[in-house]
Amino acid sequence: MTTSPAIELIGIDKSFGAVHANKNIDLKVEKGTIHGIIGENGAGKSTLMSILYGFYQADSGKILVNGKETTITDSQAAIGAGIGMVHQHFMLVENFTVLENVMLGAEDGSLLKRGIAKARAELRNLEESYGLKVDPDAIIEELPVGLQQRVEILKAMYRGAEILILDEPTGVLTPAEADHLFRILAVLREQGKTIILITHKLREIMAITDNVSVMRRGEMVATRKTAETTVEELAELMVGRRVLLHVDKGPANPGEVLLSVRNLTVKDMRGVTMVDNVSFDVRAGELVGIAGVAGNGQSELLEAIAGIRKPHSGEIYVNGRKLERPDPALMRRLGLAHIPEDRHHMGLVLPFEEQENAILGYHNDHRYGKAGMLDRRAILKDARDKIEKYDIRPPSPTLKTANFSGGNQQKIVVAREIERDPDILVIGQPTRGVDIGAIEFIHRRIIDMRDAGKAVLLVSVELDEIRSLSDRILVMFAGSIVGEKTPDAEEQQLGLMMAGIAA
């Protein structure tokens, strides 16, 4: 007797105006397996999963859950069908406890005291069964992102999910946190749960999935058993052409110092030292990478250099000029461009149109208008030029930026900053949440900047990215630079330095 698939999608079609997001999609996900779904940003992966979870309604097609045709009108209907989802950007109330977040929307009647006791007991059982240990009384905003994600999984399990969708689950995790997540997913699979994993990281696909489906431009182009495919084949299926899986760059030709940081100390709003007496130089024609586990001062360092955060002490020099009161507008005028770590909070205004975000921060430039009046025709032309040059999809300058995929949002920011032709480029997490084709594109643009004689400072939690792009690597731990290495340094040695174990 053959078992029905946990999920079967038949002929799923979905359009948003002129954008055909899903084109007649068929997909089978077998019970008790981890099924990967990959594709470039804008390929339609998240739209497809949003239909499965009830956020969107398909224009046509059928959804079968455990062999039974099911109508999923909203997320409550999905939960009722045994489907849970962990979103890329967590859906948690930050000033609530873990227990309160797990219970929220599933309080079990008006008598909260009885519901709390029941939820606490159930949470304890879930933690023990699946290795999802977390303090039920901890406040969400005080937890690291790895534990916050664990709470999201617990929420889904508490609501009885047999099928779990994870959307880019490692985008905000350190390598160690990602490894722990994979151990949890393996336990869930052993317990008979079905997991759908949306990711752009092919190494993760090869490490954890049983089967993988590839989407390209709204269509399902292939499904493979993971053990019978390769990273190279999957990359080519995703992009529709052969993809360079390493950064092709020649040796650096360092020139004069363009960015100099001297004895820089930065404190947060509580007065806690986040950057502790840091000094380094970045020269024209070289790329300096800063490696470190997230939360060790890299974010605060970048913000201070970009003029966003006021240093407590120390000095910043741009093109030999000591900056007394750096601010973002001054930095841009001096030729320093900044690609921030968090595109949503610091790089874009999501309700703005693409063409508006394409000039954000540079909107007072004479090329976009005069006497305080914006030249809409010039702005539109500028946006179309960037869209074509950076392959931003969909190619619609009047579309709200919130409606672009994460990778295309990142391209909007990258295009805006690089096309200003700055002398110094400061970059935080350039490819976070970005697919393999866009990663190759962004890396090429960054190396082009270095080769054009620009000074490039790069912060990334992706150690492979740091090693591939950098000419010199500085390692940060607990707010300090604990050492400098060349890109050919052993990964284990760099990892020990990042953990503060070796210098």
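Okay, before anything else, a definition: when I say helix or strand, I'm talking about DSSP runs, H or I of at least four residues for helices and E of at least two for strands, numbered from the N terminus. With that in place, Val-19 sits in strand β2, residues 19-29.

Some ground rules. This is a predicted model, where local features need pLDDT of at least 70 and side-chain atom pairs count only at pLDDT 80 or more, while totals for chains, interfaces and linings use all residues. Residues are numbered from 1 along each chain as its sequence is written, and side-chain values use heavy atoms, with hydrogens and water left out.

Buried, for us, is under 20% relative accessible area, exposed is over 50%, and partly exposed is in between, with a 1.4 Å probe and protein chains only. Val-19 comes out at 34%, so it counts as partly exposed. Together with Phe-16, Phe-55 and Tyr-56, Val-19 makes a nonpolar surface patch of about 330 Å². A patch takes residues with over 30% relative accessible area and no salt bridge, joining nonpolar side chains (Val, Leu, Ile, Met, Phe, Trp, Tyr) within 5 Å and like charges within 9 Å. The areas are Shrake-Rupley values with a 1.4 Å probe, and for residues only the protein chains shown count as cover.

Now helix α1, residues 45-52. How many of its eight residues are buried? Seven of them, so the helix is mostly covered. Among the buried ones are Leu-48, Met-49 and Ile-51. Just after α1, Gly-54 takes a positive phi of about 90 degrees.

Next, strand β7, residues 163-167. All five of its five residues are buried, so β7 is largely enclosed by the rest of the structure. In a regular strand, side chains alternate between the two faces of the sheet. In β7 both faces are covered, with Ile-163, Ile-165 and Asp-167 on one side and Leu-164 and Leu-166 on the other. And who pairs with β7? Strands count as paired if DSSP finds at least two bridges between them. Strand β6, residues 83-86, runs parallel to β7 and is joined to it by four bridges, with Ile-83 partnered by Ile-163. Strand β8, residues 194-198, also pairs with β7 in the parallel sense, over five bridges, and there Ile-163 has Thr-194 as its partner.

For antiparallel pairing, look at the open sheet of four strands in the order β12-β11-β14-β15. β12 (273-283) and β15 (321-322) stand at the edges with a single partner strand each, so one side of each has no neighbour in the sheet.

Last topic: charges. A salt bridge here is a side-chain nitrogen of Lys or Arg within 4 Å of a carboxyl oxygen of Asp or Glu, and the count comes to 33. Lys-322 meets Glu-315 at 3.3 Å, N to O. Arg-367 and Asp-365 form another, with the closest N and O atoms 3.2 Å apart; Arg-367 is partly exposed at 45%, whereas Asp-365 is buried at 16%.

And which residue does Arg-450 bridge to? Asp-451, with the closest N and O atoms 2.8 Å apart. Arg-450 is buried at 2%, while Asp-451 is partly exposed at 47%. Both belong to a salt-bridge network that also links Lys-249, Arg-444, Arg-445, Asp-448 and Asp-471.
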